[in-house]
Amino acid sequence: MLDYVLPRYRVLRDGDLCIQCGVCERSCSNEVHHVDEELGRVTANNGACVNCQRCVVMCPTQALAITRWPQVDSGSANWTLETMQDIAKQAQTGAVLLGSMGNPKPFPVYWDHLLLNASQVTNPSIDPLREPMETRVFLGSRPEILKVNERDEKLSAPLPPQLRLDVPLMFSAMSFGSISLNAQKALAMAARELGTFFNTGEGGLHRDLEQYADCAIVQVASGRFGVDPHYLGVTGAIEIKIGQGAKPGIGGHLPGEKISAEVSRTRMIPQGTDAISPAPHHDIYSIEDLRQLVFSLKEATGYAKPVAVKVAAVHNVAAIASGMARAGADIIVVDGFRGGTGAAPRRIRDNVGIPIELALAAVDQRLRDESIRSTVSLVAAGSIRSSADIVRAIALGADAVYCASAPLIALGCHQCQDCSSGKCNWGIATQRPDLVRRLNPEIAAERVVNLVHGWTHEIKEMMGGMGINAVDSLRGNRLMLRGVGLNEKELEILGVKYAGE
Amino acid sequence: MKRIYALEDWCIDCKRCEVACKVFHSKSKDPVKAFLFEQPRPRNRVRVEGNRTLSIAINCRHCPAPKCVEGCISGAMTRNPETGVVTSNPEKCVGCRTCVSLCPFGAVTIEEGPRHPIAFKCDLCGEVPGVPGSPSCVAACPNRALIYVESEGN
Amino acid sequence: MAASVDYLIIGNSAAGISAAEAIRKTDREGSVLIVGSEPHSAYGRPLISYLLEGKTTLDEIWLKPEDFYEKNRLERWLGPEFQVTRLDPAAHRAICTGGEQIEYRRCLLATGSVPFMPPIPGLGQAANVYPFITLDQALSVQEAARAATERAHGANRPSRCVVIGAGLIGLKAAEALCGFVDEVAVLEMAPRILPAVLDQEGAQVLQRQLASRGITCLPGVTAANIEVEQGSAVACHLTDDTVMACDFIVAAVGVRPNSTLAVEAGARQGRGLVCDEHLRTSLADVWAAGDLVQVTDAIDGSQHPLALWPAAVAQGGVAGAAMAEAPEAPAYSSAFAVNAVDFFDSSLLTAGCINPPDDGGFTVKTEVDGDAYVKFVFREGRLVGYILLNRPANAGIYTALIENAVPVDQLDPAMFSAAPENLDFPQPLRWARLHRFYPTDRDQRGWKEGC
């Protein structure tokens, strides 16, 4: 059958610069490039290109660039080329369209409508190069009353368990299976270096990473993969995953061919079988059910580590968060609709869920209104792109943020959104040994550490400018934010004033 | 001395090391001129063995008692006793391949030279023969599969 | 002239120079005298054919930099008058042609080989018969060839040269002379060319390649007698009853160890001088290195000289270290031949045992591919010899297999059907080979801290 699908990209090769060294050919798992000895030139199979840009980066002479396929659309603003291509694809395959990484659609990015404050005259700004600046935060539930034995200068009742983060950022859940062991190892190494946490996702904790277990947050998700007392016992915290911002309301499906011996051992499932995470937890149909699981996990671990619950940002997220707090969660994680995924049905990724900015503001406000905000920590996730996004998230009410896409980009990810093919040329979203090898965790960890160091400097600069010297003092401080280009309703939900007010 | 070590855990068969080596050892030091215009073609002295599944870059090990030097009939192949760097003098080499028959690693090749075929091998990118420079293969490796580190022997 | 030195080195080529360097590594002070009968600084002896071909020049042929002797404080007496004619080990004295006496504490014989002149009637009477061993001989042959060609062309006929002996020296001479005379014929008594380093099949392949360059090889044929006119050879009467006119002759039927000096002084001689593991001869305070020493063959255990440049350098190093009483002076154990030679565009690399006897438990693998011919000889699961005609890539890996007696079953069998690679070794061995002196504070991933 004639394939109606057009190439999405086209390889631009500067013939004057191409030295036919073949680095591009050897770099491409999609087999786009080919050095044709007979022709004496390098050819390209444009249709196979996913725009991962590995070849562009690897080319020793910078002879390569990727451009969009030049085909114009029909001229209809309704029947865009992309829309029609999706139909062509489904007409060919009869299948659900798959996508990866976060929602790419042009929905408003509220971060970009929130501006930060700075001190002028009436209160002094702080120079972080001269003055101490605290970026450390603790995550966990706080007791309603702090009882202190003043004579001994000690707490008379122990504090609930806390996670200590030297920077207000953790690496969000990515399972071994969805990403390579080398990618996970890089994040683990970076987390240790930075004094923060990485999250195993629901793929279990690989034995090679056990030495980083104290920097790990392990997930208990609907598939319960890799969960046993040892798994729960060795880590810093446990996270119950109810939902994921990229695909709220649905489960996961890791096809059998990706369940290698190592993945199988780590997930504790037979090699070659499909790993299916059901859409719901089959034992959770209510807040009360959630409370049971939360306390089961606390019992299993002797109340020694915080238990987090992660939900996707959906319409009634504020009410759900309130229930989560009451169910005993120590940390509430809200994952916005721009959060990434290794694979999701595209219609779900692109159309389900709400922006993290609004969800975060709503949850924080709801918990405050109910006077339970201080009993839980709140973590925002779902496309934190820069240090400024972190500052805004904290000002909107987050204790800390989860980042995944940004560290992956530090590792080399170019957001080609082709993770589900398993052919990631950067060695991140793949289990193919030849591709996994491309990611040397030593280099990768250094890059992530560099990124977070850079961000931390910037956070200190921005806080200093506001006259604030600790992340704790910024949390929920929405006076430090002003909106631009927002309507009244948006300002109301975000709880910020308009610029100039 | 500092030696280049190849790590097959990280070698990804991209051969950027070979490209960088050729360019460094070209007249122009420009990849486009080196690959497309210079005659004789510059030669790479590092060679990637294997394929995508398993590969490793091979270059001279700069042995303390190099067999290539011992066997060289022309005095072209020498080891600098101070630096330990083994180099071949293109003016003196006659291309007899004694070094090829003796190098246990296949790190010397005989290829077309300015006048006749001569030996090519890693010189650690020294500007002056026998004095190590900053190896371009190591710099070009995207995955730290080549490291240039102080070794525990001379 | 008379001298009294700590170290006397007789012979100014590979072994002698290598020994001098080794002595200097340990003994910076002791006096070293090198004597040699050729009036030149040490040069790459095998380069003489390359010199005639124009692949090297009289400026580049020297083995060491100009200041080598001065820098290492090596006194040298070079020239025919310094040929040592008598050695008196009891008195620690050597006497030169010119009457000079040298008293030494320790002496090294590094006198190499001398060409063997075959007892062919007429050969001794002709002035235009040349050996092809030394630089001066090579230059004389070149001059003779030029003159002969000029004369012949004056007489409107092609110039002709006959080389007696198709060993390495004879064929390299033939190759070099190709550029100076019109017709070069090489006679070889044995049934194939390069009898010592090639087998029948390989010899035929190479002979065809030489023929395409105008060199006629006649294996199984040699000169029965030489027709001499007015003191010059004008024709060779061959053993197959043909007559071959010639303008001059290069005699290269072989060499023998130049050990007369030692033998006359009472040294034990087998097929070469008998030495201990530090290459000390049976004479007091006399060592030997190079072509004149008999060594143990690593493959068949036989005793014979190994007249090869790399062996001479290695032996010089061993002897020199022993003479200077270097701590942990290396021993010279067994050795095997490794030959590298090229003819025009052809390259020939051989090592070890290449013509195994039928009954020695050897297995042989051969392959012909166009101009390439390869042969591997195995015994007891190990490689013991190879011929690589026009497939030289990475040959040293094979040499290392022979030297280290690596069991072949550990290796990727593909390494014997194409150029061998380091990846053909199993991983632990591969790591060990390629990572000598690897810093111990790093793991195999190159990381400083284990993960």
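Mentor: Helices (H or I, at least four residues) and strands (E, at least two) are DSSP runs, numbered from the N terminus. The model is predicted, with pLDDT of at least 70 needed for local features and 80 or more for side-chain atom pairs, while totals for chains, interfaces and linings use all residues. Residues are numbered from 1 along each chain as its sequence is written, and chains are lettered from A and ligands numbered from 1 in the order in which they are written.

Trainee: Which residue just after H4(C) takes a positive phi?

Mentor: The place to look is just after H4(C), where a phi of about 60° occurs. The residue with this positive phi is Asn156(C).

Trainee: How far apart are the end C-alpha atoms of helix H4 of chain C?

Mentor: Helix H4 of chain C has 20 residues (135-154).

Trainee: Within what arc do the buried residues of H4(C) fall?

Mentor: Ala138(C), Val141(C), Ala144(C), Ala145(C) and Ala148(C) are buried (20 or more other C-beta atoms within 10 Å of the residue's own; exposed means 12 or fewer, partly exposed in between). Viewed down the axis of H4(C), they line one face of the helix, because the arc (of directions from the axis to the C-beta atoms) that holds them is 120°.

Trainee: Which residues on the other side of H4(C) are exposed, and what covers the buried ones?

Mentor: The exposed residues on the other side of H4(C) are Glu143(C), Glu150(C), Arg151(C) and Gly154(C). The cover over the buried residues includes, in chain C, helix H2 (47-53), strand E8 (129-130), strand E9 (160-164), helix H5 (168-177) and strand E15 (248-251).

Trainee: Which element gives the most to the side of chain B that touches chain A?

Mentor: Contact (C-beta atoms within 7 Å) joins 17 residues of chain B to 16 residues of chain A. On the chain B side, the elements giving two or more residues are helix H1 (16-24) and helix H2 (31-36). With 4 residues, the element that gives the most is H2(B).

Trainee: Which element gives the most to the side of chain B that touches chain C?

Mentor: This contact takes 39 residues from chain B and 43 residues from chain C. Elements of chain B that give two or more residues include strand E1 (2-6), helix H3 (67-71) and helix H4 (98-102). The most, 4 residues, comes from H4(B).

Methods:
The expected span of a helix is 1.5 Å times one less than its number of residues. Two residues are in contact if their C-beta atoms, placed from the backbone, lie within 7 Å.
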